Amino acid sequence: MTHSTRSSADLLAGEPAAGLAGGPDSVAAPVRQFVLTGPVADYDPRVTPIRGDLADIALAGRFFAPHYVAPQNHRAAFSGAMLRKAPSGDAEAVSQLLPGEAFALLDSTGEWGWGYSLHDGYCGYALLSEIAPEGAEPTHVVQVRRALVFAEPSIKTPMIAAYPMGAQIVVDAASECGKFLSVAGGWMSVRHAVALAERTCDPVGRALQLVGAPYLWGGRGGDALDCSGLVQLVLGLAGISVPRDSDQQMAALGRVLADNESLQRGDLVFFPGHVGLMADAETLVHANAHWMQVVAEPLADVIARFPETTPQPVLARKRII
């Protein structure tokens, strides 16, 4: 069928809708035509930017919505931003934007904006105070659990900020001594960040750096994180693009190990609603709610904690590197 609607450009020029700018003196623009070419397929609402009232304009022709909106690119501020299911601080967190990460804003109402993260497409609501219109493109990413920023290129000067592992930053220059990077009003050790274009690391080594980090539902940075957030973070630092949730990761990553293949360092083990990374043939590194932190412990102990009624504690063992 054919559906006529205004695109975001039309909305901006005419009737305001979905939190976008407009006014009574605006001049209506021509209506654009979109054609739905067949039945609407099932979709994953976690990564499909569509609500009952609007959708990303990229979905026009594939999904029906009263309005289609062109996203406005933003970035998470210094503190980062939690993504929530609903526009309320009491709503469940579904993911997190780390400092400097990009967010496509589709709608804003009051204190909240709705859209999706550009690194994995995950949808949610963010506080507008925690995101800002996109500025300079980040050049580096923090690769240690916590990177300190000093007032001057010297460890003896005051610490003025700290970034978690995974934060994306703009590096302006290196210090004359070559030991520090100039970032956002301060100086960070050259050992604590790597160029985004040069991300190669041992993800298991990065995961082990996070042992002891608190468990946080929806978290995915060095300060606090959940199981799939840990996997996404450390593989991302190795230059591997990874979906957000454990079921998405199980579907998208690597190859399934045969029953006669032994686990090795870097393999992923998937459980019902959970995932971890093997440090060796017997030890799993994972963020978990049992210990409420990132731990490295025997895989056998993790399996033993599942109730006896669990039909299949291990859903898949996969190798990606």
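This is a predicted model: local features need pLDDT of at least 70, side-chain atom pairs count only at pLDDT 80 or more; totals for chains, interfaces and linings use all residues.
Visitor: Over how many bridges do β20 and β25 pair?

Guide: Over 2 bridges, in the antiparallel sense, with β25 covering residues 316-319. Val-256 has Lys-318 in β25 as its bridge partner.

Visitor: What holds paired strands together in general?

Guide: Strands of a sheet pair through backbone hydrogen bonds, in either a parallel or an antiparallel way.

Visitor: How many residues of α3 are buried?

Guide: 11 of its 11 residues are buried. Among them are Cys-227, Gln-232 and Leu-237. Just after the helix, Gly-239 takes a positive phi of about 85°.

Visitor: New topic: Ser-175. Where is it?

Guide: Ser-175 sits in the loop between β16 (171-174) and β17 (180-183).

Visitor: Is Ser-175 buried or exposed, and why?

Guide: Ser-175 counts as buried because its relative accessibility is 9%, and the cut-off for buried is under 20%.

Visitor: What is Ser-175 in contact with, leaving aside its neighbours within four places in sequence?

Guide: With those neighbours set aside, Ser-175 is in contact with Pro-153, Phe-180 and Trp-187. Phe-180 belongs to β17, where Phe-180 and Ser-182 are buried on one side and Leu-181 and Val-183 are buried on the other. Both faces of β17 are covered, in other words.

Visitor: And how do β16 and β17 pair?

Guide: Antiparallel, over 2 bridges. Val-171 has Val-183 as its bridge partner in β17. The two strands form a hairpin with 5 residues between them, and Gly-178 in the turn has a positive phi of about 80°.

Visitor: What about β17 and β18?

Guide: Those pair in the antiparallel sense too, over 4 bridges, with β18 at residues 186-189. Phe-180 stands opposite Ser-189 there. This hairpin has 2 residues between the strands, and Ala-184 takes a positive phi near 30°.

Visitor: Let's move to Asp-107. Which strand is it in?

Guide: Asp-107 is in β8, residues 102-109.

Visitor: Why does Asp-107 count as buried?

Guide: Because its relative accessible area is 6%, against a cut-off of under 20%.

Visitor: What does the side chain of Asp-107 make a polar contact with?

Guide: The side chain of Arg-51, at 3.0 Å.

Visitor: How do β8 and β9 pair?

Guide: In the antiparallel sense, over 6 bridges. Phe-103 stands opposite Ser-117 in β9. The two form a hairpin with 2 residues between them, where Gly-110 in the turn has a positive phi of about 65°.

Visitor: Why is β9 said to be largely enclosed?

Guide: Because 6 of the 6 residues of β9 (residues 112-117) are buried, so the rest of the structure largely encloses the strand.

Visitor: Over how many bridges does β9 pair with β10?

Guide: Over 5 bridges, in the antiparallel sense, and β10 takes in residues 123-127. Gly-113 has Ala-126 as its bridge partner in β10. That hairpin has 5 residues between the strands, and Gly-121 takes a positive phi near 75°.

Visitor: Stepping back, how many helices and strands are in the chain?

Guide: There are 5 helices and 25 strands. Buried residues account for 50% of the 321 residues. Among contacts between residues at least 6 apart in sequence, 57% join residues at least 24 apart.

Technical notes: Residues are numbered from 1 along each chain as its sequence is written. Side-chain values use heavy atoms; hydrogens and water are left out. Buried means under 20% relative accessible area, exposed over 50%, partly exposed in between (1.4 Å probe, protein chains only). Contact means heavy atoms within 4.5 Å. Two strands pair if DSSP finds at least two bridges between them. A polar contact is a pair of N or O atoms within 3.5 Å; within protein, one must be able to donate a hydrogen and the other to accept it, and residues adjacent in sequence count only if both atoms are side-chain atoms.
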